[in-house]
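Student: Could you walk me through this model, feature by feature?
Tutor: Gladly; here it is.

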Amino acid sequence: MDKGWRVDVKREKDRERAQSRTGGKGKAGSKDDGLTPEQRRERDAKALQEKTAKKAAQAVAGGNNSGSAGGSKNKK
């Protein structure tokens, strides 16, 4: 049981080093962007719309890489 306290000391030092590398942010710090959940939803929805519009523009331009080849299967 002599080595137990050494492990704790080493673990604590490792934590301090990791915090200094990340600027003192913990796991929860990465989500804290100063936005409310509603604002975050709006931001994400806007980004998704822009991404969808970009893909649609590429498909119209002939660069259809969406993986939906053979889309006429449902036509009768």
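The dialogue below goes from helices to surface to salt bridges.

Tutor: A word on the ground rules: this is a predicted model, in which local features need pLDDT of at least 70 and side-chain atom pairs count only at pLDDT 80 or more, while totals for chains, interfaces and linings use all residues. Residues are numbered from 1 along each chain as its sequence is written, and side-chain values use heavy atoms, with hydrogens and water left out.

Student: How many helices and strands are there in the protein chain?
Tutor: Helices (H or I, at least four residues) and strands (E, at least two) are DSSP runs, numbered from the N terminus. Here the protein chain has 2 helices and 0 strands.

Student: What span should helix H1 have, and what do its end C-alpha atoms show?
Tutor: The expected span is 1.5 Å times one less than the number of residues. Helix H1 covers residues 4-21, so its 18 residues should span 26 Å, and its end C-alpha atoms are 26 Å apart, which agrees. For helix H2 (residues 37-60), the 24 residues should span 34 Å; the end C-alpha atoms are 35 Å apart, in agreement.

Student: What share of the residues counts as buried?
Tutor: Buried means under 20% relative accessible area, exposed over 50%, and partly exposed in between (1.4 Å probe, protein chains only). Of the 76 residues of the protein chain, 0% are buried by that rule. The areas come from the Shrake-Rupley method with a 1.4 Å probe; for residues, only the protein chains shown count as cover. The chain exposes about 7500 Å², of which carbon and sulfur atoms supply 53%.

Student: How many salt bridges are there?
Tutor: A salt bridge is a side-chain nitrogen of Lys or Arg within 4 Å of a carboxyl oxygen of Asp or Glu. The count comes to 6. Among them is Arg11 with Asp8, whose closest N and O atoms are 3.6 Å apart; both residues lie in helix H1, 3 residues apart, about one turn. Another joins Arg15 and Glu12 at 3.7 Å, N to O.

Student: Where do Arg17 and Asp14 sit relative to each other?
Tutor: They are 3 residues apart in helix H1, so about one helical turn separates them. Salt bridges that share partners join Lys10, Asp14 and Arg17 into one network. In the bridge between Arg17 and Asp14, the closest N and O atoms are 2.8 Å apart.

Student: Is Arg17 buried or exposed?
Tutor: Arg17 counts as exposed because its relative accessibility is 51%, whereas Asp14, at 27%, is partly exposed.
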